[in-house]
Every structure is written in C-alpha cells, then in structure tokens.
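User: I am new to this structure and would like to learn how to read its features one at a time. Could you guide me, giving the general idea before each case?

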Amino acid sequence: MNTTAATPLSVAVIGAGMAGRTHANAWRQAGTVYDLGLPPVRLAAIADMHLPFAEDAAARYGYEKAVDDWREVAADDSVDIVSIVVGNALHREIAEAMAAAGKHVLCEKPLAGTLEDAEAMAALEQQHPDLVLATGYTFRRNAGIAMLAKLAAEGSLGQVAHLDGRYWCDYGADENVPMAWRYKGPMGSGALGDVGSHLVDSAELILGPLVEVSGAQLVQTVTERPVASGAVAGGRGVTAAADAPKETVENDDVATFTARFASGAAGTFSVSRVAHGLPNYKALTVLGTGGTASWSLDRTGEIQIADQSSPQGLGGLRQVLVNPEFPYFADGSSMAFGGVGLNQIEQFTYQAHAFLQEVAGITEGALPRCASFSDGHRQMRILDAIARSAADGGATITID
C-alpha cells in the first residue's frame, strides 16, 4: 500500500491489558518521533472481551470507541491497521480475519500458540502480498541493545565468542496468582514462549542466526493455580483466596539452554517467570577477543563496555550513557543527550513509527522494518527446537 502524508490511517487495538494499553499509547505517540511526514493517525477503536477494560483504555488514550468483540473491528471498513495483543492461542483466528478484511496487522510475540498456527500465519504473507503483517519484537528498538549489535557487527569487540542472555521475571512467583492464558499450552509455551521469545530475538539481532540449540531444560515449579474469578489485566498483584478451586498449570516456569550461532559463537540463555524480587530483569552480555559489552533493562539508559581503548592500567568495564551516537536515540527523544535515559515503553512507539512508515511506503531514511510473520514463524521453530531438546534430555537440535 502506498499512501500520502495527507491520507489518514485508522488504527484499532485488540486487547486492553498491560501490553494492549502500551500499543494504544504507541500509536498515539508515533508521529512525535523521528521525521515528520507520516500519514495522520486516527485512533479508531479498542476491543476487549471485558468491555470495561476497553472503555477505560479508549478513554485514557483518546480512541473513538470501545467494543467487546474483535469481529466488530474486522467488519469496520474504516480501520486500516490492527494491533493484536491478546492470548497467543487467539492470534491466528484474529490475524486471518483481519487480513481477509484487508487490514495491516502488528501481532504481539510469540506469533502464535502453536507451531502449526504460526506456519498458517506466515502463509498469509503470500496470500496477501499487499498487506504489512508484522511480529512485535520491541527490544529491537532499544538503543542499548542496538548498540551492542552495532559494536559486534563493526568488529569493535574483536571475534565474538560468546553471548549470555537472561530474562527473569516474578509475575508467576506467587502460587496464588490465578490461572490465565500464559499458564496454559504445552511445555515451551510458558516462560520460554513469553519472555524467551524476546531474548532469542535480541540475541539474533546482535550476533545473527542461531543454527542449533542443546542442553535445554524446562522446569515447572508451580503446578496448580486458582481458577480466575473475574477478568484480569496484566496478571501482576492479583491473587485469589487460598481455598479457591485450582487448575493445573500446563507449561514451564523456567527454561535454560545453550545454542550456537552461524558465526560459531556460543550462546547461554535462561528465562524465568518465578524469580522472586525481579519484576522485569533482562540482561545481555557479549564477550569477544577485543572487548566485552553488556546491557540490562534495569539500567536501560546505558551500556557497560571494556575494550582496548582504555589507557594501560585503567581497563575494565566502564559506563557509557545512551546518547545521540546510539541507534534510535537522536531523533527518538525530545531531550536527546546522555543522562536522559530511555524506558521500555518508548520501544513500542518506535515500533509503531516503523510500521506506519512501511504501510505508507516510506523508504528514504526509514527505520529498520518490523519483523515479518515469516520471521515470527522462524522464531517459533527455534522455541520448538528448544522444547524438543528438553524433551530429549538436552539433545542437540539443528534449526532448519
């Protein structure tokens, strides 16, 4: 689709939970960063099966209406773009309906609840070549992570031998947190699918494709959760009575694995949703023969780096604040100088800007394109390989 700066694009968001609201905010803010020239954005609708959530989000972020059925959005010919931000098992049905209705789709990661559904969603790209169908990996837009990728690609760290990645969360640490869609689905679709998908994507952004995984373990520590008694948004800080009826948790709370990149570098990874006291801790360290660089989400406005530029006797990791020399930052912040910092929410705004550029056919000076449905399908194959390695005692699985 090619459009002009004067042709509005109408946006709807399916899902009004924590991530859905962040998408809603991103579409609202997308035109405030980088170059002017994006088409005007009409904030059309928020849909959520629990209507009060949709109504609240629509009121907060300035959307025209709230509905309780995503099918109303599919049937609305005035909507051009849809964010899908609901349980993974619903992604395929909604994406197929939106594509059939001629709408561009930005779908949250992981692409689907099963590998079969992800394959069917990737096939939509061939069936609808005129549509932009993208998978949302917002950490690609983080200035610090993008700088690690730049350093590795430019050879500033020498020959990279090893990448270590961790993503530890505590949203499932309390066994009284009620059952939700995140705790259903096969082993490999729990912590691995939820936060591990971000970790794998960041690793490949920095060092290129993974070619094999091995030594995987999937661990389940909370085996039952109370049945939810009402609608839940976000899943944090929500508990149930100790005597509430219980449901069986179906998937993993912790996942660990090793991997090898096409470059020959090794990767070590761990993810958790039951890490007490760590609400949202992601960290990446890249170790090379000429330098080491690391980034973590709790200090997202900086990286740590050690290289051969230090005076003799003054080596070791040093702090470098995110500044206009970093990717995304110079025109992505209204106060673009070192020390201002960034937060995770801004990554969604940058993603929305890139998506709108692609829909509008803007290529000159454009941000890197969003991951496609095919990219999302490939990562689902990686997650499946990790789950198969764990099921086979840590066997080495080649990624095709």
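Analyst: Let us begin with cysteines. A disulfide is a covalent bond between the sulfur atoms of two cysteines. Here two cysteine sulfur atoms count as a disulfide when they lie within 2.5 Å. Please keep in mind that this is a predicted model.

User: How many disulfides does the structure hold?

Analyst: The structure holds 0 disulfides. Cysteine 169 is in no disulfide, and its nearest cysteine sulfur, that of cysteine 107, is 19 Å away.

User: Is cysteine 169 buried or exposed?

Analyst: A residue is called buried when its relative accessible area is under 20%. Cysteine 169 has a relative accessibility of 2%, so it counts as buried. Cysteine 370 is buried as well, with a relative accessible area of 10%.

User: Where is serine 10 found, and what does its side chain meet?

Analyst: Serine 10 is found in strand S1, which covers residues 9-14. The side chain of serine 10 is joined to that of arginine 42 by a polar contact of 2.9 Å. Leaving aside residues up to four places away in sequence, serine 10 touches Arg42, Ala44, Ser78, Val79, Asp80 and Ile81. Serine 10 is buried, at a relative accessible area of 6%.

User: How should I read helix H1, and what covers its buried residues?

Analyst: One may compare the span of a helix with the value expected for its number of residues. Helix H1 (residues 18-29) has 12 residues and reaches 17 Å from its first C-alpha to its last, close to the 16 Å expected at 1.5 Å a residue. The buried residues in H1 are Gly20, Arg21, Thr22, His23, Ala24, Asn25, Ala26 and Trp27. Among the elements that cover the buried residues of H1 are S1, strand S2 (41-47), helix H2 (51-61) and helix H8 (344-360).

User: Which residues are linked with Arg21 in a network of salt bridges?

Analyst: A salt bridge requires a side-chain nitrogen of Lys or Arg within 4 Å of a carboxyl oxygen of Asp or Glu. By this rule the count comes to 22 salt bridges. Arg21 is linked with Asp56 and Arg60 in a network of them. Within it, the side chains of arginine 60 and aspartate 56 meet at 2.5 Å, N to O. These two residues are 4 residues apart in helix H2, so about one helical turn separates them. Arginine 60 is exposed, with a relative accessible area of 56%, whereas aspartate 56 is partly exposed at 27%.

User: Which parts of the chain does the salt bridge between glutamate 247 and lysine 184 link?

Analyst: The side chains of glutamate 247 and lysine 184 meet in a salt bridge of 3.7 Å, N to O. The pair links distant parts of the chain, 63 residues apart: glutamate 247 is in strand S10 (residues 246-248), and lysine 184 is in the loop between strand S7 (160-168) and helix H7 (191-207). Glutamate 247 is partly exposed, with a relative accessible area of 27%, and lysine 184 is partly exposed at 39%.

Methods:
Residues are numbered from 1 along each chain as its sequence is written. This is a predicted model: local features need pLDDT of at least 70, side-chain atom pairs count only at pLDDT 80 or more; totals for chains, interfaces and linings use all residues. Side-chain values use heavy atoms; hydrogens and water are left out. Buried means under 20% relative accessible area, exposed over 50%, partly exposed in between (1.4 Å probe, protein chains only). A polar contact is a pair of N or O atoms within 3.5 Å; within protein, one must be able to donate a hydrogen and the other to accept it, and residues adjacent in sequence count only if both atoms are side-chain atoms. Contact means heavy atoms within 4.5 Å.
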